[in-house]
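Subject: Structure handover

Hello,

Here is the structure I promised to pass on. My notes on it follow below.

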Amino acid sequence: MKLSVPGRTTAAAVVAAVTLLTTGSIAGAAPAPEAAAAAPDLPVANVKAHLTQFQSIATANGGNRAHGRAGFKASLDYVKAKLDAVGFTTTVQQFTSGGLTGYNLIADWPGGDTNQVIMAGSHLDGVTSGPGINDNGSGSAAVLETALTVARTNYQPTKHLRFAWWGAEERGLVGSNHYVSNLSSANRDRISGYLNFDMIGSPNPGYFVYDDDPTIEKTFKDYFAGIGVATEIETEGDGRSDHAPFKSAGVPVGGLFTGASRTKSAAQAAKWGGTAGQAFDRCYHSSCDTMSNINDTALDRNGDALAYAVWELSS
């Protein structure tokens with residue numbers, strides 16, 4: 001960026017400039033505050049590499065990654081191994097739903113003020129009818145890559161960072177409800193915000209932002225405004241994903257969504273591209289929710305928005 005300089009320089013400015021050249025600082029000026037770390041670009045190729053692993057896991061385990069099935073546990077083991085390898089403190093929380101054992105995975109990044117916790121999460125399970133790559137491999141992969149980027153950049157936020165992958169969301173938000181209901185009131189109050197990412201790579205995407213907590217909502221909207229992408233308020237999945245238990249417990253929540261079975265309108269197609277009169281995700285809860293059911297541009301934009309919000313809200 002080229003900065004313009006006024007044609008007439010005051011004597012005071014000249015003195016300050018000379019002082020800066022000779023001493024390295026402006027006389028009488030307080031030290032400049034350390035700049036907050038800029039949010040990184042989240043490589044979409046890395047996010048897709050995690051999706052490929054989820055697809056392979058589903059293929060090797062009956063075609064799905066559903067609660068209580070081997071594909072879910074293998075997905076959790078994959079995510080946990082990645083996090084353990086880069087220094088996260090991981091915890092597996094076990095619960096039972098429908099007579100089947102389920103699991104949540106919680107990962108804490110060491111450091112930061114544990115009285116101010118920023119959480120980002122997604123449900124890791126899918127339905128039994130398919131591999132669940134958009135729903136919700138997309139959110140799970142982007143949250144994982146954000147966590148790995150925290151480690152790769154050795155990000156040291158002011159607030160404490162916690163990431164979560166929920167089990168049994170498709171059975172009624174069971175995993176996230178279990179987590180929230182087992183928090184002490186003190187630990188619940190320490191969560192400054194929970195960010196939810198459920199279906200962020202829909203093939204005929206919209207760009208939807210939750211309108212719950214104003215600060216979190218503005219953070220996401222600011223990011224999309226900065227890249228010239230219009231957003232709308234998310235209504236299709238309102239209360240139907242893992243932010244709901246946190247919201248009910250009084251935790252500020254927000255998140256992103258690219259649409260499920262609702263139909264894209266002509267106005268939305270004009271704004272975002274894609275096909276009017278067609279569902280945002282024609283493969284929602286179906287066997288065709290595979291690697292071919294992902295829009296790379298939507299996945300890239302939402303992944304970057306995720307990382308931006310994590311950095312902005314935790315700094």
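Asp 77 is partly exposed, with a relative accessible area of 36%. Partly exposed sits between buried (under 20% relative accessible area) and exposed (over 50%), using a 1.4 Å probe and protein chains only. Lys 73 is also partly exposed, at 30%. Asp 77 and Lys 73 form a salt bridge, with their closest N and O atoms 2.9 Å apart. By salt bridge I mean a side-chain nitrogen of Lys or Arg within 4 Å of a carboxyl oxygen of Asp or Glu. Because they are four residues apart in helix α3 (residues 70-85), about one helical turn separates them.

A word on the source. This is a predicted model, in which local features need pLDDT of at least 70 and side-chain atom pairs count only at pLDDT 80 or more, while totals for chains, interfaces and linings use all residues. Residues are numbered from 1 along each chain as its sequence is written, and side-chain values use heavy atoms, with hydrogens and water left out.

Now the overall picture. The protein chain has 10 helices and eight strands. These are DSSP runs, numbered from the N terminus: helices are H or I with at least four residues, strands are E with at least two. Of the 315 residues in the chain, 50% are buried. Among contacts (heavy atoms within 4.5 Å) with a separation of 6 or more, 76% join residues 24 or more positions apart.

Back to the salt bridges. The structure holds nine. One of them joins Lys 48 and Asp 296, at 2.9 Å from N to O. That pair links distant parts of the chain: Lys 48 lies in helix α2 (residues 44-60) and Asp 296 in helix α10 (residues 296-314), 248 residues apart. Lys 48 is partly exposed at 22% relative accessibility. Asp 296 is partly exposed too, at 35%.

Asp 222 and Lys 218 meet in another salt bridge, 2.7 Å from N to O. Both lie in helix α7 (residues 214-226), four residues apart, about one turn of the helix. Asp 222 is partly exposed, at 35% relative accessibility.

Next, Lys 264. Is Lys 264 buried or exposed? Lys 264 is buried, with a relative accessible area of 1%. Its place is in the loop between β8 (253-257) and α9 (266-272). The side chain of Lys 264 reaches the backbone oxygen of Gly 273 at 2.8 Å. Leaving aside neighbours within four places in sequence, Lys 264 touches residues including Asn 204, Pro 205, Trp 272, Gly 274 and Phe 280. Lys 264 and Asp 281 are 17 residues apart in sequence and 9.6 Å apart in space, C-alpha to C-alpha.

Helix α4 (residues 133-152) is mostly covered, with 19 of its 20 residues buried. Asn 154 follows α4 and has a positive phi, near 50°.

The structure holds one cavity of 30 Å³ or more. On a 1 Å grid over the protein atoms alone, a cavity is a set of points where a 1.4 Å probe fits but cannot get out; lining residues have an atom within 4 Å of a point. Grid points are joined across faces, edges and corners, and the volume is the space filled by probe spheres set on the points. The largest cavity has a volume of about 30 Å³. Its lining is Val 127, Gly 130, Gly 132, Asp 135, His 285, Ser 286 and Asp 289.

Best wishes

Definitions and conventions
A polar contact is a pair of N or O atoms within 3.5 Å; within protein, one must be able to donate a hydrogen and the other to accept it, and residues adjacent in sequence count only if both atoms are side-chain atoms. On a 1 Å grid over the protein atoms alone, a cavity is a set of points where a 1.4 Å probe fits but cannot get out, and a pocket is an open set with protein on both sides within 12 Å along at least five of seven lines; lining residues have an atom within 4 Å of a point.
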